[in-house]
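Let's take a walk through this one together. Have the viewer ready, and we'll go from the sheets to the cores and then to a single loop residue.

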Amino acid sequence: MTSHQEDEIPEGAGILRIDPWLSPFKLDLVKRHKVTVDWIDRLERDEGGIVKFSEGYNSFGLHVLENGDIVYREWAPNAIDASIIGDFNNWNRGQYRMTKDSYGVWSIILPSNNGVPLIPHNTKIKLALTLSNGATVDRLPAWITRVTQDLSVSPVYDAIFWNPPQKYEWKHDNVTRAQRHPLSAKIYEAHVGISTSELRVGTYNEFTRDTLPRIHKLGYNVIQLMAVMEHAYYASFGYQVTSFFAVSSRYGTPEDLKHLIDEAHKLGMTVLLDVVHSHACKNVLDGLNMFDGTDYQYFHGGPKGYHSLWDSRLFNYGKYEVLRFLLSNLRFYIDEYHFDGFRFDGVTSMMYTHHGIGTGFSGGYHEYFGDSNVDPEAMNYLILANYMLHKLDPNIITIAEDVSGMPGLCVPMDLGGVGFDYRLAMAIPDMWIKLLKEVNDDNWNMGKIVFELTNRRYKEKTVAYAESHDQALVGDKTVAFWLMDKEMYTNMSDLSALTPIIDRGLALHKVIRLITHALGGEAYLNFEGNEFGHPEWLDFPRDGNGNSFWYARRQWNVLDDNLLRYKYLNEFDSAMQHTEEKYGWLRSEPAYVSLKHEGDKMIVFERAGLLFIFNLHPTQSYADYRVGVQIPGQYRIVLDSDEQKFGGHARIDHEKSKFFTTPFAWNGRDNFLQVYIPSRVALVLAKVD
């Protein structure tokens with residue numbers, strides 16, 4: 001970019017300095033930025049700023065004052081009458097009628113009884129509405145913080161007034177978010193409900209007691225919790241949210257979740273919430289749908305407000321009160337539960353008018369701009385959400401689940417970006433599954449593997465992963481099960497002979513994970529259980545499987561059985577995390593790849609001062625294999641996937657293996673060294689100080 005062009009970059013288009021190819025869309029960037037700035041200015045003028053605006057949860061919903069009075073406020077503009085009813089007044093619709101202001105907000109103060117709140121803790125309540133057509137309906141308060149479900153009575157949730165006499169006291173606030181903030185994010189994606197080996201739903205307290213220590217020992221420093229926001233259908237994996245401010249009662253109480261997060265913070269771990277603001281459950285009786293009798297209160301009216309694939313409702317992000325609701329929802333989880341950030345689900349669906357349905361992305365920049373493709377109101381919401389969160393605390397982490405490759409997704413707002421910290425590298429797991437399903441080992445293309453692992457936007461941080469919960473769902477299989485399939489049932493014992501299938505599976509499971517970890521991004525993610533090669537797949541109880549929990553659990557028992565080979569994969573995963581923690585390749589500049597040899601099936605690269613050597617050949621081992629390296633000196637092995645403790649064959653003698661560089665240019669590097677690299681093995685070498 002010339003100095004003249006540099007001078008012409010307007011406010012909100014600073015991303016052009018990072019990616020000049022966006023220049024044809026400069027006006028789109030400026031327009032988008034101006035919309036957000038106008039909203040920020042409006043909120044500053046009318047609400048005292050966006051951070052103050054995000055405190056809506058303190059004024060809406062039910063709140064107990066110091067004198068025991070209860071204040072309740074709810075937005076329902078189409079209603080002509082409203083009252084709060086419940087166990088506390090024998091469900092009398094006419095007793096506690098609310099008043100409506102000019103903005104459609106209903107409110108009431110319920111006086112205390114000598115300092116005792118009128119509504120007892122842990123009792124049922126509802127909002128009773130009379131609609132403009134005269135119909136009467138009951139709704140769960142939109143901002144309710146506790147709902148429960150008794151499936152023996154009905155699948156419909158009950159709203160619960162939650163006011164425990166003993167408030168949770170945070171014990172580990174002395175460990176600040178800044179102190180916990182990971183320089184190299186190693187993310188453990190987990191689901192509380194499946195975290196037990198038993199055929200039932202697991203609990204927050206069991207996760208705290210049993211799973212947290214496992215995660216910490218492995219070396220992960222970030223936990224990403226799925227399916228926490230209350231959802232009507234367990235088998236939806238948490239993606240059909242009904243009550244946005246209520247944490248799932250399936251796993252325990254709000255205080256149990258707070259204890260889980262508190263203990264994670266004690267261990268120095270960051271905790272992220274998988275937040276679902278891309279859509280909402282279409283339930284009427286216990287959701288937001290048709291809340292005030294219209295289909296357009298929180299959502300777009302008509303077909304625009306319906307997601308045909310997800311069978312759910314789509315928010316109208318251009319509405320003032322919808323923005324208050326969603327931004328306050330984020331703030332609520334930060335303030336009330338001390339979450340450290342969010343993984344935003346379904347960002348692709350949010351950003352595009354077509355929601356990604358029946359649409360592929362070629363990478364052409366025209367696909368990312370223009371009102372016919374992009375939803376400007378959803379884009380504005382995402383930018384505002386990131387701006388608000390990072391203004392509140394720059395150490396809050398945000399991750400976008402986007403398959404489209406939207407430019408600027410992880411560029412700050414002031415440069416014309418959306419403002420996320422990380423984006424998920426969703427093409428990487430697809431590549432691995434496709435290779436395992438469709439391509440013989442002899443035909444794996446080293447160049448294509450490297451391309452997919454390094455194909456990410458400059459200066460935008462990426463979360464790399466070999467598999468997440470998506471790959472484990474029914475209809476697909478875990479990487480381990482693609483590799484070893486039915487032999488995992490019969491040949492995973494150390495007491496049985498090591499078969500070729502198990503030998504290949506163990507070797508490639510480790511190699512796939514390490515090369516993804518080291519080459520694929522600036523953060524790494526693993527789904528719960530896959531670190532030790534969890535067998536089979538994930539399937540929640542539903543009518544189609546006889547409501548079975550068999551596949552809706554984590555089989556920790558196979559890991560804890562010392563006679564089984566799962567322990568080797570677990571040990572390698574731990575060594576991988578701890579080696580990264582020591583050398584910090586995730587927080588370093590992207591790797592320099594010096595070798596992609598199709599015949600030898602070799603990949604070699606350097607990152608963070610380490611030399612990574614991968615032999616993906618199914619049969620060939622190489623003695624004195626020459627690899628290029630930039631920094632001269634003596635090198636030693638710091639990670640070897642073939643070690644016996646990792647289920648390997650221990651073909652490399654670490655004591656005798658000393659690697660000295662020769663000052664002769666090789667593969668574009670100033671020096672070379674020679675190594676013995678066995679088949680299907682990965683080595684990581686570090687320079688001897």
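In what order do the strands of the open sheet run, and is their pairing parallel or antiparallel? The sheet has 4 strands in the order E1-E2-E5-E4, and the pairing is antiparallel. Keep in mind that you're looking at a predicted model. Strand E1 (61–64) and strand E4 (99–100) sit at the edges, each pairing on one side only. E4 is joined to strand E5 (residues 105–110) by 2 bridges, with the two running antiparallel.

Now for the barrel. Here 8 strands close up in the order E10-E11-E14-E17-E18-E19-E20-E21, with parallel pairing. Going from one strand to the next, the twist averages 30 degrees.

H14 itself has 20 residues and spans 28 Å from first C-alpha to last, close to the 28 Å expected at 1.5 Å a residue. Of those 20 residues, 17 are buried, so H14 is largely enclosed by the rest of the structure.

The largest core has 186 residues, and the members touching the most others are Leu225, Phe344, Tyr381 and Trp432. Helix H7 (residues 320–337) gives this core its largest share, 11 residues. Leaving out neighbours within four places in sequence, the contacts of Leu225 include Val271, Leu272, Leu273 and Asp274, as well as Ala190 and Phe339. There's also a second, separate core of 19 residues, with Ile613, Tyr622, Tyr635 and Ile652 among them.

Last stop: Leu140, in the loop between strand E7 (136–139) and strand E8 (147–148). Setting aside residues up to four places away in sequence, Leu140 touches Lys126, Val147, Tyr157, Asp158, Ala159, Ser243, Leu285, Asp286 and Phe291. Leu288 is 148 residues from Leu140 along the chain, yet their C-alpha atoms are separated by 8.5 Å.

Definitions and conventions: Residues are numbered from 1 along each chain as its sequence is written. This is a predicted model: local features need pLDDT of at least 70, side-chain atom pairs count only at pLDDT 80 or more; totals for chains, interfaces and linings use all residues. Side-chain values use heavy atoms; hydrogens and water are left out. Two strands pair if DSSP finds at least two bridges between them. Axes are lines fitted to C-alpha atoms, for helices over the stretch in contact, and angles run from 0 to 180 degrees between N-to-C directions. A nonpolar core is a set of buried Ala, Val, Leu, Ile, Met, Phe, Trp, Tyr and Cys residues joined through side-chain atoms within 4.5 Å. Buried means under 20% relative accessible area, exposed over 50%, partly exposed in between (1.4 Å probe, protein chains only). Contact means heavy atoms within 4.5 Å. The expected span of a helix is 1.5 Å times one less than its number of residues.
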